[in-house]
Amino acid sequence: MNTPGFVKSDEIRTQFSRAMSEMYKDEVPLYGTLIELVAETNSKVLESNKAVSDYLNRTGEIERLDMERHGAIRVGTPEELATIARLFAVMGMQPVGYYDLTPAGVPVHSTAFRAIHEDSLQASPFRVFTSLLRLDLIEDKELRKLVQATLDQRQIFTQNALALIEKFETNGGLDAKDARDFIQEALETFRWHHDATVTAKEYQRLHDQHRLIADVVAFKGPHINHLTPRTLDIDIIQDGMPQKGIIPKAVIEGPPRRKCPILLRQTSFKALQEVIAFTDQNGSAKGSHTARFGEIEQRGAALTPKGRALYDTLLNAARSELGEFPSESNAEKYTELLAKHFREFPDSYAELHDKGLAYFRYFPTQEGIACRSNSYRPSSRQDLIEQGHIQYEPLVYEDFLPVSAAGIFQSNLGDDSQAHYVGSSNQEEFEKALGQKVTNELKLYADTQRRSLLECSTILAVPPLV
Ligand code: OOG
Ligand code: NI
C-alpha cells in the first residue's frame, strides 16, 4: 500500500513482528536466551565465513537477518481462519502453500502467511504458520459437539481489531494512528490466556482425544506457540543449547548439514509448563498445560520442482532405511543415513544452478555494466555467466516443510500423541474455510528469478533473458 497518508503494509508488518517478539520475550523468557544464542552464533559465522557473509551482503539478506522469525498459531473454526487471513492482509501477508499434517497423526491442515514479493520480504520476512483444526476427523460425536459449542462461544479478535480490519478494507489503508492501534489490537489475538474456557474435566476429555485439540479448544485465543529466529549455523546452536540449560529435540529436521544449505533445517525444545485455571476452579490456578515451545531454523536455497522431488526421494529413502520415526534412540544412525543418501544431492551452487535444482537471483557485475556499449555483447544467460557479466546467488527458501512440521508438532506434543486419521488431504476444504486460494510457493520463486533476469537485461541492455 503506497497511498499518501497510509502506512505501508510492509511497515505495519515490521512493527507487528517486533511487538510480537517483545510480547513473547515476556511470556516465554527462554525465548530471550535463544535470541541471544542465535545472535552470538550469527556474528561468529559472519566473522569466520567470508563466503556466507559475501552472499548475505550481495542478496541484502544481511539486513533482514536480525529481524527474521516465524511464529505459529492453531485456530479452531473456518470463521477464525478467514478472519485471520483478513488480519494478516493488513500487514501484507498472504496465505502461501498448503500443508497436510494428518499423515503424521496431527488433525490439522495449514498454510503460511507471509509477504510474497522479494522487496516486501526484504522489508520484513515475518511469517506465521497457521493451522486449522479438522473437526471432521474427531470420531467421537459427543466430543465433537463439545468442541463446536466451546469454539462457537469465543471471539478471538477484539472489536477494535475487527473495526480496523474493516476500515483497512474499505479505505485501502490505515493512517499512522490507526496502524499503531491495529498493531496493539491484533497482538491481543496472539496473547497467552491463563484462564481456560472449559472445566477441568472437559479439558481432560479434549486432551485424551489429542493434546493438540485441548490446545486449540480450551483457551480464549490461538496463543502464539513459538517464535523462531533464523540462525546461520544450526549445528552450533544444537550443540550449544545444553550449556544454556536448553534441551533440544534429538534430531534436526530437514536435510543434513551441507556446504550449500538447501530448504530448511529446524530443531525445537519444550519451553514451558503453564499453570492454567479451569472455569470450575474459582480462579485458583491448578491445572497445567504445555503449549509453547522454542524453535530455531537455518534457511537455505529454495528448490525447483526437480530439486524438491530429489529432496523428497532422498529424505524418504533415509527414513525408510531407518525403519522407524527418528528419535533419541536412533538419532546417530539417522544422521548417518541422511548424510549417506544426500550424497546424491549436488553440493555446489554451480551444479545446483546448471542442473536446474534450485532457484537463483541474478545480478549484473561491474564488468557486465562496463561492457554495455561494446559491439559484442553476450546475449544468452549462460553466455553472460561465462563472460562474467552476470552472477547469481541462491534464492532463500521462505516456506515450510510438511515432514519437518510434523516432527516439530510431534516432539512438542509428546510421543503419546501418535494417532492415525483416515481422512485424506483436503486443500479444497481448507481454501473454502480460508475464503481464498493459497498461492503456490514455487510460482513465487520462479517469478522472483524471472524478475531478476529481466532487471539484468535492462541494466545490461541485452534482449530479455530467460
Ligand atoms: C506448527 C508446527 C510447524 C514449523 O516450523 O514447521 C512449524 C505448530 O506447532 O503449530 O512451526
Ligand atoms: Ni515453526
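Analyst: We begin with metal sites: donors are N, O and S atoms within 2.8 Å of the metal (3.2 Å for Na, K and Ca), and water is not among the atoms, so sites may look incomplete. Here the donor residues of the nickel ion (ligand 2) follow the sequence spacing H-x155-H-x68-E. H226 lies in strand 5 (residues 226-229) and E295 in strand 9 (residues 293-299), so this pair links parts that are 69 residues apart in sequence. Helices (H or I, at least four residues) and strands (E, at least two) are DSSP runs, numbered from the N terminus.

User: Which atoms coordinate the nickel ion (ligand 2)? On what basis are such values given?

Analyst: The ion is coordinated by H70 (NE2), H226 (NE2) and E295 (OE), at 2.1 Å. This is a predicted model, in which local features need pLDDT of at least 70, side-chain atom pairs count only at pLDDT 80 or more, and totals for chains, interfaces and linings use all residues. Residues are numbered from 1 along each chain as its sequence is written, chains are lettered from A and ligands numbered from 1 in the order in which they are written, and side-chain values use heavy atoms, with hydrogens and water left out.

User: What is buried between domain 1 and domain 3?

Analyst: The size of an interface is often given as the accessible area lost when the parts come together. Buried area is the accessible area (1.4 Å probe) lost by two parts on being put together, summed over both. Domain 1 and domain 3 bury about 1400 Å², 52% of it on carbon and sulfur atoms. R58, E118 and E431 supply 38% of the area that domain 1 buries against domain 3, more than any other three residues. Three salt bridges are counted between these domains. R58 also forms a salt bridge with E393, the closest N and O atoms being 2.6 Å apart.

Methods
Salt bridge = Lys/Arg side-chain N within 4 Å of Asp/Glu carboxyl O.
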